[in-house]
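Thanks for making time. I have one chain to go through today, and I will start with a cut-off before I get to the fold.

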Amino acid sequence: MKNHWQLKNEQELNDVIEKAKQTFPFLQDDQLIQHRAQLFKALGDETRLRIVGMLMHSDLCMCEITAALQLPPSTVTHHLKLLERGKVVHVYKQGKFTIYQLNQEVVMPLMEERRDIHV
């Protein structure tokens, strides 16, 4: 263990950046970084996680989500827009209803509980 911190030089920092890009390939593309940030922003809220939990079990319209969470429609609309931007949900129309469906391909790998990680 070091007794004092030694700043990395430019080459060492470049090596860190390259290793990060190898570990997380999305870091090599600004558009992919933006999409990933939107995904994490979408999942970074307790209400949105509750919505995701509900959508894991059933497609729902906004009015059903509003009733279940007992929140104002404007609040639910805001959360659903962020989930949509983050590609966490798919949206489709059925008659006069707008239905929200969980994008399981994107969300499930992130949501599975890891028992070996303690936060």
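Buried, in this talk, means under 20% relative accessible area. What you see is a predicted model.

With that cut-off, take Thr47. Its relative accessibility is 18%, so Thr47 counts as buried. Thr47 sits in helix α3. Leaving aside residues up to four places away in sequence, Thr47 touches Leu69, Leu71 and His79.

Now the chain as a whole. How many helices and strands does the secondary structure come to? There are six helices and three strands, and from the N terminus the order is α-α-α-β-α-α-β-β-α. The radius of gyration is 19 Å, against the 14 Å that the globule rule gives for 119 residues, so the chain is more spread out than a compact globule. The C-alpha trace spans about 60 × 30 × 25 Å along its principal axes.

Some totals. Of the 119 residues, 23% count as buried. The accessible surface is about 9200 Å², and carbon and sulfur atoms hold 53% of that. As for charge, the chain has 15 positive and 15 negative charges, and their mean positions lie 5 Å apart. Among contacts with a separation of 6 or more, 49% come from residues 24 or more positions apart.

In soluble globular proteins, nonpolar side chains tend to be buried together. Here the largest nonpolar core has 17 residues, and those touching the most other members are Ile51, Val52, Leu55, Ile65, Leu80, Leu83 and Val88. The elements that give two or more residues to this core are α2 (30–43), α3 (46–55), α4 (62–69), α5 (73–85) and β3 (97–102).

I will pick two of those core residues. Val52 touches Leu43, Leu83, Val88, Leu102, Val107 and Met111, again not counting residues up to four places away in sequence.

The other one is Ile65, in helix α4. Is Ile65 buried or exposed? Ile65 has a relative accessible area of 0%, which is under the 20% cut-off, so Ile65 is buried. With the same exclusion of residues up to four places away, Ile65 touches Ile51, Met54, Leu60, Val76 and Leu80. For a sense of distance, Gln31 is 34 residues from Ile65 along the chain, and their C-alpha atoms are separated by 31 Å.

Definitions and conventions. Residues numbered from 1 in each chain as written. Predicted model: local features only at pLDDT ≥ 70, side-chain atom pairs only at ≥ 80, totals over all residues. Heavy atoms only, no water. Helix = DSSP H or I, 4+ residues; strand = E, 2+ residues; numbered from the N terminus. Rg over C-alpha atoms; globule rule 2.2 N^0.38 Å. Buried < 20%, exposed > 50% of the residue type's maximum accessible area, 1.4 Å probe, protein only. Contact = heavy atoms within 4.5 Å. Areas by Shrake-Rupley, 256 points an atom, 1.4 Å probe, with all protein chains shown as cover. Lys, Arg positive; Asp, Glu negative; His and termini not counted. Charge placed at Lys NZ, Arg CZ, Asp CG, Glu CD. Core = buried A, V, L, I, M, F, W, Y, C linked by side-chain atoms within 4.5 Å.
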